[in-house]
Amino acid sequence: METLKTKPDEKARQELADETFMSAADLRSYMTEMQMAKAGKSVEGMDRAEKARQDLIKRLSEPLDLTPERLQEILQPLKLKLRSAAERGETELMVMRFPSALCADHGRAINNADPTWPDTLAGRPRQAYELWRDQLRPAGFRLSAMIIEWPGGLPGDVGFFLKWGGTKQ
C-alpha cells in the first residue's frame with residue numbers, strides 16, 4: 001500500500017494558507033484592515049460624541065424657568081454637596097461644567113482671568129453665575145471659572161468652582 005507523501009514545499013504552502021499562520025503580506029494586509037476598522041469605529045465614536053456635545057450646548061443655551069420650586073430643586077442638592085465637601089475638609093467644589101462654546105468668546109476671557117468674563121456667558125451658565133451673584137456671594141461664597149479641558153490645545157470645557165473658607169477674594 002502506497003501512502004501519499006506531501007512534498008515539503010506543498011506542506012509549507014498549506015501551512016501558510018492556514019488561517020493560523022499567515023504570510024508576511026497577509027499579516028500586513030490583516031493589520032491594515034484591523035487599523036482601518038478601529039479608525040472607522042473611532043470616527044463613528046467621535047461623531048456620536050460631537051452630536052452629544054452639540055445637544056448639550058443646545059440644551060444649556062436655553063435658560064431654565066427659575067420658579068421658586070425649581071430654585072429649591074437646584075439649591076437643595078447643592079447644599080448637600082457643599083456640606084459633604086466641607087466634611088471632607090475641602091474648601092472648593094466644582095458645581096458646573098459646560099462647553100466653552102457657551103461663552104461668546106469661547107472661553108478666552110475666562111482663560112485670561114479677564115474680570116469681565118461673566119459678560120461672555122449665555123444660557124444656563126449665565127443663570128448659574130447670577131444665582132451665585134445674587135444668593136451665594138452674599139452668603140460668603142466665592143466663584144471662580146477656569147478652562148478644565150484643552151482638546152487639541154483649544155479651550156474645551158469650563159468649570160465653575162464655589163469656594164469658601166479663608167479671606168482671599
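Over how many bridges do S2 and strand S3 pair? S2 and strand S3 (residues 157-163) are joined in the antiparallel sense over six bridges.

## About the model

Welcome to a predicted model, in which local features need pLDDT of at least 70, side-chain atom pairs count only at pLDDT 80 or more, and totals for chains, interfaces and linings use all residues. Residues are numbered from 1 along each chain as its sequence is written, and side-chain values use heavy atoms, leaving out hydrogens and water.

## The sheet

Three strands make an open sheet in the order S1-S3-S2, with antiparallel pairing. Its edge strands are S1 (92-99) and S2 (142-147), each of which pairs on one side only. On average, neighbouring strands here are turned by 25° against each other, direction ignored.

Axes are lines fitted to C-alpha atoms, for helices over the stretch in contact, and angles run from 0 to 180 degrees between N-to-C directions.

## Strand S3 and its partners

S1 and S3 pair in the antiparallel sense over seven bridges. Lysine 163 of S3 is the bridge partner of glutamate 92 and also of arginine 142. Leucine 162 of S3 is the bridge partner of leucine 143.

## Helices across the sheet

Helix H3 (residues 68-87) lies across S1 and S3, at about 130° to S1. Helix H5 (residues 123-136) lies across S1, S2 and S3, at about 10° to S3. Contact means heavy atoms within 4.5 Å.

S3 is mostly covered, with six of its seven residues buried (under 20% relative accessible area, 1.4 Å probe, protein chains only).

Notes:
Pairing = 2+ DSSP bridges. Helix = DSSP H or I, 4+ residues; strand = E, 2+ residues; numbered from the N terminus. Buried < 20%, exposed > 50% of the residue type's maximum accessible area, 1.4 Å probe, protein only.
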